[in-house]
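Me: Hi, I'm new to this one. Could you walk me through it?

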Amino acid sequence: MIIDAHCHVWEEKNMSVELKEIIYQTSKNFGLDPDLMMDGTSDRLIREMDEAGIDKAVIVALDYEFAFKGDFTFKDYNDYVANIVKKYPDRLAGYCGIDPRRGKGAIRELERCIQDLELSGVKLWPLTGFYPDDKEYYPFYEKVEELGVPILFHTGTGPPRTYLKYNHPTHVDTVAVDFPKIKIQMAHIGDPWVNEALTVAMKNPNVCFDICGNWAVVSKFAPVYLFQILAQAKMTCGVGKILFGSDWPMFVSLISLKEWVENIKKLKRPPPMEILGLPDFSEEEKRLILGGNAARILGF
Ligand SMILES: [Zn+2]
């Protein structure tokens, strides 16, 4: 089974003006096609999952309101994701997006999303301006623990006009240590803090990470570098912590879902990496990265 553990769904009509602007700026920075990036409809996602042979994907809502104002509220976004999951229950799982700075409102929305909307996890987007390990948010994490759902934390680099400092993996480490029962997924292996993210995953049994977004692009333009990162991950914390993901539709104008899946399937140790003593990947290990790990950890 192939599982994409980190995707988005969005449409231009339900995006705030400010978020749209940020997406356009991001597309410029990375040389992406903004129109392809904006087209995040679920029908397109399912079509491209079919082309790539992806069985299941996690789609995540974003609570961006503290940073990017607009008419489409975080509750609207959570409803939007839940409705899409209801349309494709065999193919998609949905995570709500909630900013813990909402206090009791965050807890109430979490209960609504998990119990009423039947979403299966929560995405936190610290880059909008909060440190995840602030004790003020511990009641929120207690509720997450009680509901028994995973948290997907954004870690690492973010869009323009957002602060990098909130996205350091060590903030996630604190939450992971204090809430050992919560399953935590760090997005993007914390890039550029890959070593730190791998260390956090290594020392905490409840932490894994995904290779979504920029790593798909790296697989196309610098495959040896991606190999080195994945081999380092394998040596640091084992293949069992690596989850395949794409951040669809962010980077599809540079690399399709199908190509990204193929690049993992083709993963093979280049000769210089052998000289460096880095380990290769067996077919079984690639199967785990592509979906076996997500199925086990996230319970699909
Ligand atoms: Zn993402």
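Reply: Happy to! One term to begin with: two residues are in contact if their C-beta atoms, placed from the backbone, lie within 7 Å. Also, this is a predicted model, where local features need pLDDT of at least 70, side-chain atom pairs count only at pLDDT 80 or more, and totals for chains, interfaces and linings use all residues. Residues are numbered from 1 along each chain as its sequence is written.

Me: Thanks! Which residues is asparagine 293 in contact with?
Reply: Leaving aside neighbours within four places in sequence, asparagine 293 is in contact with Cys208, Gly240, Ile242, Leu243 and Leu288.

Me: And which helix is asparagine 293 in?
Reply: Asparagine 293 sits in helix α13. Helices (H or I, at least four residues) and strands (E, at least two) are DSSP runs, numbered from the N terminus.

Me: Is asparagine 293 buried or exposed?
Reply: Asparagine 293 is buried, because 23 other C-beta atoms lie within 10 Å. The cut-offs: a residue is buried if 20 or more other C-beta atoms lie within 10 Å of its own, exposed if 12 or fewer, and partly exposed in between, with C-beta atoms placed from the backbone.

Me: What about aspartate 116, buried or exposed?
Reply: Aspartate 116 has 9 C-beta neighbours inside 10 Å, so it counts as exposed. Aspartate 116 is found in helix α5.

Me: New topic: where is isoleucine 98?
Reply: Isoleucine 98 lies in the loop between β3 (92-97) and α5 (104-116). Isoleucine 98 counts as buried because it has 29 C-beta neighbours inside 10 Å.

Me: Now helices. Which residues of α3 are buried?
Reply: In α3, the buried residues are Ser42, Leu45, Glu48, Met49 and Ala52. Seen down the axis of α3, they fall within an arc of 125°, so they line one face of the helix. That arc is of the directions from the helix axis to the C-beta atoms.

Me: What covers the buried residues of α3?
Reply: The cover includes β1 (3-8), β2 (56-60), α4 (74-87) and α11. Asp43 and Arg47 are exposed residues on the face of α3 turned away from its buried side.

Me: You mentioned α11. Which of its residues are buried?
Reply: In α11 (residues 257-265), Leu257, Trp260, Val261 and Ile264 are buried. Down the axis of α11, these fall within an arc of 95°, so they line one face of the helix. The buried residues of α11 pack against α3 (42-52), α9 and α13 (283-298).

Me: Okay, where do α9 and α10 meet?
Reply: Trp215, Val218 and Ser219 in α9 meet Pro223, Tyr225 and Leu226 in α10.

Me: Last one: which residues have the most contacts inside the largest nonpolar core?
Reply: Val81 and Met186 have the most contacts inside that core, which has 98 residues. A nonpolar core is a set of buried Ala, Val, Leu, Ile, Met, Phe, Trp, Tyr and Cys residues joined through C-beta atoms within 7 Å. Setting aside residues up to four places away in sequence, valine 81 touches Val9, Ile59, Ala61, Gly94, Cys96 and Leu119.
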